[in-house]
There are 4 protein chains.
Amino acid sequence: MKTLGVGLVGYKFMGKAHSNAYRQVHAFFPDAPRPRMVAIAGRDVQAVTAAAEQFGWESHETDYRVLIAREDIDIIDVSTPGHLHHDVVIEAFAAGKHVLCEKPLANTLAQAEAMVHAWRAAGTVGMINFNYRKVPAVMLAKQLIDDGRIGEIRSFRARYLQDWLHDANAPMSWRLQKEFAGSGALGDIGAHITDMAHMLVGPISAVTGMLSTAVTSRPLEHPTDDATHGDVTVDDWVGYLARFENGATGVFEASRLATGRKNQNTFEINGSRGSIAFDLENLNQLEVYLDDDDALVRGFHQVLVTDGNHPLVGNWWPAGHIIGWEHTHVHQIRDLLTGVASGSSPAPSFDDGYRCQAVLDAVERSSASGQWETPVPLPD
Amino acid sequence: MKTLGVGLVGYKFMGKAHSNAYRQVHAFFPDAPRPRMVAIAGRDVQAVTAAAEQFGWESHETDYRVLIAREDIDIIDVSTPGHLHHDVVIEAFAAGKHVLCEKPLANTLAQAEAMVHAWRAAGTVGMINFNYRKVPAVMLAKQLIDDGRIGEIRSFRARYLQDWLHDANAPMSWRLQKEFAGSGALGDIGAHITDMAHMLVGPISAVTGMLSTAVTSRPLEHPTDDATHGDVTVDDWVGYLARFENGATGVFEASRLATGRKNQNTFEINGSRGSIAFDLENLNQLEVYLDDDDALVRGFHQVLVTDGNHPLVGNWWPAGHIIGWEHTHVHQIRDLLTGVASGSSPAPSFDDGYRCQAVLDAVERSSASGQWETPVPLPD
Amino acid sequence: MKTLGVGLVGYKFMGKAHSNAYRQVHAFFPDAPRPRMVAIAGRDVQAVTAAAEQFGWESHETDYRVLIAREDIDIIDVSTPGHLHHDVVIEAFAAGKHVLCEKPLANTLAQAEAMVHAWRAAGTVGMINFNYRKVPAVMLAKQLIDDGRIGEIRSFRARYLQDWLHDANAPMSWRLQKEFAGSGALGDIGAHITDMAHMLVGPISAVTGMLSTAVTSRPLEHPTDDATHGDVTVDDWVGYLARFENGATGVFEASRLATGRKNQNTFEINGSRGSIAFDLENLNQLEVYLDDDDALVRGFHQVLVTDGNHPLVGNWWPAGHIIGWEHTHVHQIRDLLTGVASGSSPAPSFDDGYRCQAVLDAVERSSASGQWETPVPLPD
Amino acid sequence: MKTLGVGLVGYKFMGKAHSNAYRQVHAFFPDAPRPRMVAIAGRDVQAVTAAAEQFGWESHETDYRVLIAREDIDIIDVSTPGHLHHDVVIEAFAAGKHVLCEKPLANTLAQAEAMVHAWRAAGTVGMINFNYRKVPAVMLAKQLIDDGRIGEIRSFRARYLQDWLHDANAPMSWRLQKEFAGSGALGDIGAHITDMAHMLVGPISAVTGMLSTAVTSRPLEHPTDDATHGDVTVDDWVGYLARFENGATGVFEASRLATGRKNQNTFEINGSRGSIAFDLENLNQLEVYLDDDDALVRGFHQVLVTDGNHPLVGNWWPAGHIIGWEHTHVHQIRDLLTGVASGSSPAPSFDDGYRCQAVLDAVERSSASGQWETPVPLPD
């Protein structure tokens, strides 16, 4: 089987997580094509050199254009802040590369649209890294829904709660500035639960939402004579209600101010014959309620999703030996590699990325208009 | 201490719960005035006779007007379906009685307004039975908030999820008909979480909401030649976003279709220095997160609220011996009796009842208008 | 249906709990004979008078012999400290009364034996108040086991953990003195889990155990010139291993020093085809694991035992409205009254009381001998 | 920094886990010496070749003696079944290698003794792979205890429950035969909780225990004309009580028949001022109860042990991004490499391995004698 050359742009949090996935995938998914960790790119030569050494890349580049130009690279992995996605992705597709892009796809819907068109024009594989689709417990949820185990879906509710900004003295960063991050809690973590809803329930047809910023000014990491604080120009909280095309209702909330909640990405789905609940902080577990159980023992099953018959997780360790957060990225990369080998883009594709972006865009418009808004479908 | 004569209207679920509270209060709260269970009223003479015998009432009446007229009765307790609240309450106040009214106060805001005015005119004690204010764990939450333990409140989220209507074959009842129930999940259980928000966070200034009815027709309990099914004319699901006057954000959801959730009345409050979470299905517990804990051991405390130093609960049993749902009503009655003795209406008063009603009314208007709506303040 | 006259000996913790049960039983179990709360007895006339008034007894006595002699009393309820059980019970049976006795039956096996013989000689109803048999979730566990749902039982483990003595400055009391209490954690709370094992698994055939006293001296409540502290002469911790007659294994632990555990009476049963777990601090829930579930969704069901089809609990409130600790006593009294009406002693009977006592006795002997010991069967 | 050559013996479950650790350690603990994955050894040439390729070893050997003889190897990692530990370890030490040995150290105490002496004679680094010492939550528990946060330890209880043998039709394997495995649940998983007790509480001075085998015959994987089933010659369940040297009490249970429990390695420690609880199935969490909390909010803290200030875990991902089971091995290898660099054996050393073995030996003797038994100290 041909080895696939990978070039990664970005070496911080997501760069570290993706590097890990490339390094790990073969040992646990030997049936997938094997990646070659060809090069990592970043503008700071010292930092990117160190990252290459630490994370196991053969070489490094300081210009993503050079990376894209390399013939030993088949896949470009874009793990940069959101405002840089568009240019790198467009150029990578133009060069005929396969592309994995971090979420959210872009900072504006217009950019996302252009990126989808670039992907279609290239005809290569394009994926967006909604890695929480790849949690085995979530994959099990999807399987149970598809098998009709909980009947017709009526309600979906999801919260993604973090607290790393709850202290008003937490410093400014690019994630708090609209020009770099696009939005705050909405695009960063609201994107994840929106995509989750799309996968598990189906398309969202309308939303009404509210963005809020409780802490509007934060200390600069590098204060100047002129300024000790900078303006926070993105939301730190967002809530939205949704209608799905199939008639289900949705309630969404994302916050970076939820004191005590570190990474609570949680959803519950109520169907006409059962329900399913999940929480990322305990990601090896799925809660499942089934009307089909006999009446005496009906109750949410606490399913420890670590058995050989559960999705993907059997490739790791025996039952009861839990996996962690990073494994979702390994699964994502496994799907990417398999997709490249087969020549078709696995889910979540750039189409999924656009669909999510369109909902985030509608939420922002709704927060401004005070009205229900409709996601803009992808123009032809 | 003078014994207080009580007359109860209604003998079904709430009638049983209130009867229990009057029967129990003296044994556990001997410092409160002792109630005398004078009479219970209901239209079905056979049923009300049986209820009097079973629940411990000295006598019964089949006409609430006769009950109100009795001189041995100080307090009228209105535990009927919502469409009957208005008339009974107005007449009871007119007769100079103290009144405890089940929630929601009324089926329309106009009725609620009239009832508040009647209360003010009477000058007697008026309470509304938002019994979940009287859960010791909830009272502890209130105390911690008031003491500044979690800082400034930024977000509130609450869900009240039941599933007794999730089966499309669950039969029609008065609770599913707008003329009797006013609304569905909104007024029945959404009222509880709205009042909880008012108590814990403060006044709600605006809402946007959506009502939904997934099962629009249900089998009649007594089918006729003409009809086997009746139309459901109230919501079975509602979601709403809120802004509080103090700037906090709110997310609310109530459902009677949440398969597997029997009585999940749950809330979480995020403050700038801590968080609090509660779930009625495990009502003896409060979860509390405090920034003031040292960093190594920060995490939600699972507080078993059964100690002598916790609110009210020490009057029951030693630490670790949990109380149940009905005890909240005993606490409510204890406050009612104490209020009557002292001559002032304890919280939640008819004012609180109106405030809640005004939010429910705004949610209904918002669901129709698709816009943010403002609760109507009580006219002078 | 004839009303049954009750006389209660004891007015402290257990007296309050039993009083509550007699006051409540008719309102929720109207099909059982109705008790008449005739008289409560205690040596302190002021305290017993107050107790009668507060808890709803028609009269009081200061001599239990007078109570036993009263002709308007059918049932004697013995809720005193353990060293007083023997005499009151023997005399009550001699007078032809039905008897409910608090656990443990007695402070010595010889006393217990005499009490069983007195019961048999009287031919009246005799029950011992192992109230945790009457938790609906526990009754459901029993039903599932009897129906073969978890197969053949292989292992049982139980812990009863409290912490009210973990502070070395908690004062002396009769519960810490061997002459009054018989033993410490063993008889007080170890008795409960031993009886639970007997009910759920079957007879225990041998034990090896260890008693321990970590805090051997405690401050007197009323210090004298001679002494500020008294000697603790009972265990504050006990652990024992057991073999059951059916081959199952057992692990038991009881402690009053388990800092942070208020009333954690918890057990787990592993069968060849499933498992069951329970915790008294969350007594409305039963956890059930069934091999018969299909493999994808196997996991412990969190069964909220509040449905109408669950044992007894449907007589209280609708599904999801939880009951508390005191309700177990109401169920016990309901069974007592029904037993008296039918003329046969319901479980747990005095035989069950003896069987438990014999195991506690064997554990004490084992702790002294360092060997496995066998419970002494009831002599003919 | 010098790279350390590693040779691994064994390529099954533990071989895979250790391989992963060597492959991962540098990316997350760049300050530790870097391992070089020189060679993996196993008797089946096809299997070991495949393992080398999949897990990332540079070469393979089919004779562990050749592995030990290689000069490019500094560390021998023994991940074989227990009956093979002794010979490989003795020879590795004789060759001057550093050794990591899987638990339990040996199948008999005599072997363990010889291995410790070999280690001492070699003067190289010797570690035993009690990897659960390296769970960050467990390390935090140790830190809290050492800092006196829970006061004086009074009780320890631990269970290690699995269910992979609960089906009587689960097939025979080397783990069920005394000549290969030494013992069953006792040595395989009881060893882990015994070592945990040693680390957290201190030395065990005496035990009384019971071994049990519920399923005594199992189907052969390769039935012959003569036999379809083989005899199970080890325990599938064990319970033991312990006294610690410091006066604390202990209750231990290990089972492979605990239907529904996949890998429940759980302990609780009660101190005079607080308590700590842990469960491996939710290994990122530690429960901590502190008397020092103010009375209103006392309760077990649910500490999500993923913060930068928690032990080791900050090297992985931001707070709230959980790690899995395999990470404990990475931590173990990190300590091994650091120990080799510094020239001293980190805990758990071969001494710790012996101490554990001596307790297991005493439990086996106690099960036979029915008496309390004392662990044999290491002879000089």
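## A helix in chain B

Helix α1 of chain B covers residues 13–28, 16 residues in total, and spans 23 Å from its first C-alpha to its last, close to the 22 Å expected at 1.5 Å a residue. That expected span is 1.5 Å times one less than the number of residues. Helices (H or I, at least four residues) and strands (E, at least two) are DSSP runs numbered from the N terminus.

A kink of about 30 degrees in α1(B) is centred on B:Tyr22; the bend at a residue is the angle between axes fitted to the seven residues ending there and the seven starting there. Because 15 of its 16 residues are buried, α1(B) is largely enclosed by the rest of the structure. Buried means that 20 or more other C-beta atoms, placed from the backbone, lie within 10 Å of the residue's own; exposed means 12 or fewer, and partly exposed is in between.

## Basis of the model

This is a predicted model, in which local features need pLDDT of at least 70 and side-chain atom pairs count only at pLDDT 80 or more, while totals for chains, interfaces and linings use all residues. Residues are numbered from 1 along each chain as its sequence is written, and chains are lettered from A and ligands numbered from 1 in the order in which they are written.

## Strand β7 of chain B

Strand β7(B) runs antiparallel to β13(B), residues 264–271, with 8 bridges joining them; strands pair if DSSP finds at least two bridges between them. Here B:Ser155 stands opposite B:Asn270.

Strand β7(B) also pairs with β12(B), residues 249–255, in the parallel sense over 7 bridges. The bridge partner of B:Phe156 in β12(B) is B:Gly250.

## A sheet in chain C

In chain C, 6 strands form an open parallel sheet in the order β3-β2-β1-β4-β5-β6. Its edge strands, β3 (59–61) and β6 (126–128), each pair on one side only. Strand β2(C), residues 35–41, pairs with β3(C) over 3 bridges, and C:Ala41 stands opposite C:Glu61.

## Where chains B and D meet

In the contact between these chains, 14 residues of chain D touch 14 residues of chain B; contact means C-beta atoms, placed from the backbone, within 7 Å. The largest share of the chain D side, 5 residues, comes from β16(D).

Strand β16(B), residues 300–304, pairs with β16(D) in the antiparallel sense over 3 bridges. Across this pairing, B:Gln302 stands opposite D:Phe300.

Key. Contact = placed C-beta atoms within 7 Å.
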